[in-house]
Amino acid sequence: MKNKLLFLGIVASLLIACESDDTADIIITDNSVTNNITNSGGNEPGSTTENLSGVYTEDLTLDPEVDYVITGPVLMASGTTLTIPAGMTIKAQPVGVNAYIAIQQGAMISAVGSASSPIVLTSNASSPASGDWGGLVICGSAPINSTADGSSDTSTSEIGGLSYGGNIPADDSGSIQYMRIEYAGGAIDGNAELNGLSLYAVGNGTTIDYVQVFEGSDDGIEFFGGTVNASHIAVVNAEDDSIDWTEGFIGTLTDVYVQHGVSHDKAFECDGYNTDFSNEGGYFSAPNVANVTIVGANDGSEAIRLRAGTQGLFTNLVITDFDEAFDLDGDSGDNPTGQGVIDGLLNVSDVTFNNVITKLKNDTGFTFTEGDFISGDGNGTGTDIASWGTGWTVGIN
């Protein structure tokens, strides 16, 4: 009962203290039975089961000898660290977005696996399916453009009302390496969703390396501003966008593999700012993206949508089985995506198209040629998923 009261109190204070936004109010059902340990005898792995839920105000180090089940929101408070040893599998009750892990501002995660001993976050359902649980959320203090440029103002996450944003580009939320996130994500409405991995204003002091999102209900990985550099990313069978960025994300993405399943939206959906709010910071998303392989489903869809003024430099891509490779949307007002092309701030170099009908669709209101946007057509080799993805990823064709 004390844990539940603490959970409710902290969430309430977050909602009062944080900057208001246009996100719909979300009701999270507390299904938690925090630290409920059932000992079935002996000390063998799997002989003890512990439920995880609620707010943790002290460090939490998971024990490889214990089977953990996430039964509600797991919230790591500022100043704490969640440690998950290599090789562990953590399961979540299939209660949708009512079960997730959140590393709040000022907290850290240490989840360092290996190719032979990855960390797996997955569903506890007997027949797991996309959207069974809410995934992993990390909230940092790096800049976002939905608040004033250079300010320490914060915004609040789409689900849970968690604070994120600030003026610390090198903010450190910990380290994730060799982690697979399965059957996660879910949307409440058009403005509120959880993804496999949601990165809110995460700084470039954080390590995100060797991460797969598999069979997700919403986006695979979404970057809400921030400066984090992510590498060796695989997203397979995401039902919405595989990679999504908004709110002024200016980090890097290196070695990315995307594979579409039957249900999907874009491989990349890229916004310069969150059009549901505003661009108070006065700048646009502008990451550098290198070594990308995108495998479509040959069903008439688009691979990469660039809009709302986003900038970005794409280098060394292979795009296979799409009607459209790049769809650029914008206008001459608040969403000057085309101006980025003209200024050399948004372009693609060294790309190979396989079974792609339209390489570039220009709906920006600006006039430029395909050659102004794409150079090195036919020179792309993409990422070597067969090398870095061996042993810890699943579902790769």
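**Salt bridges and their surroundings**

A: Glutamate 182 counts as buried, with a relative accessibility of 10%, where buried means under 20% relative accessible area, exposed over 50%, and partly exposed in between (1.4 Å probe, protein chains only). This is a predicted model, in which local features need pLDDT of at least 70 and side-chain atom pairs count only at pLDDT 80 or more, while totals for chains, interfaces and linings use all residues. Residues are numbered from 1 along each chain as its sequence is written, and side-chain values use heavy atoms, with hydrogens and water left out.

The side chain of glutamate 182 meets that of arginine 180 in a salt bridge at 2.6 Å, N to O, a salt bridge being a side-chain nitrogen of Lys or Arg within 4 Å of a carboxyl oxygen of Asp or Glu. Arginine 180 is also buried, at 12% relative accessibility. The structure holds twelve salt bridges.

Another of these pairs glutamate 302 with lysine 266, whose closest N and O atoms are 3.8 Å apart. Glutamate 302 lies in strand E24 (residues 302-307) and lysine 266 in the loop between strands E21 (252-259) and E22 (268-271), so the pair ties together parts that are 36 residues apart in sequence; strands (E, at least two residues) are DSSP runs, numbered from the N terminus. Glutamate 302 is buried at 13%, and lysine 266 is buried at 7%.

Glutamate 269 and arginine 307 form a salt bridge at 3.2 Å, N to O, linking strand E22 to strand E24 across 38 residues. Here glutamate 269 is buried at 9%, whereas arginine 307 is partly exposed at 25%. Salt bridges with shared partners join Asp265, Lys266, Glu269, Asp271, Glu302, Arg305, Arg307, Asp327 and Asp329 into one network.

Notes. Helices (H or I, at least four residues) and strands (E, at least two) are DSSP runs, numbered from the N terminus.
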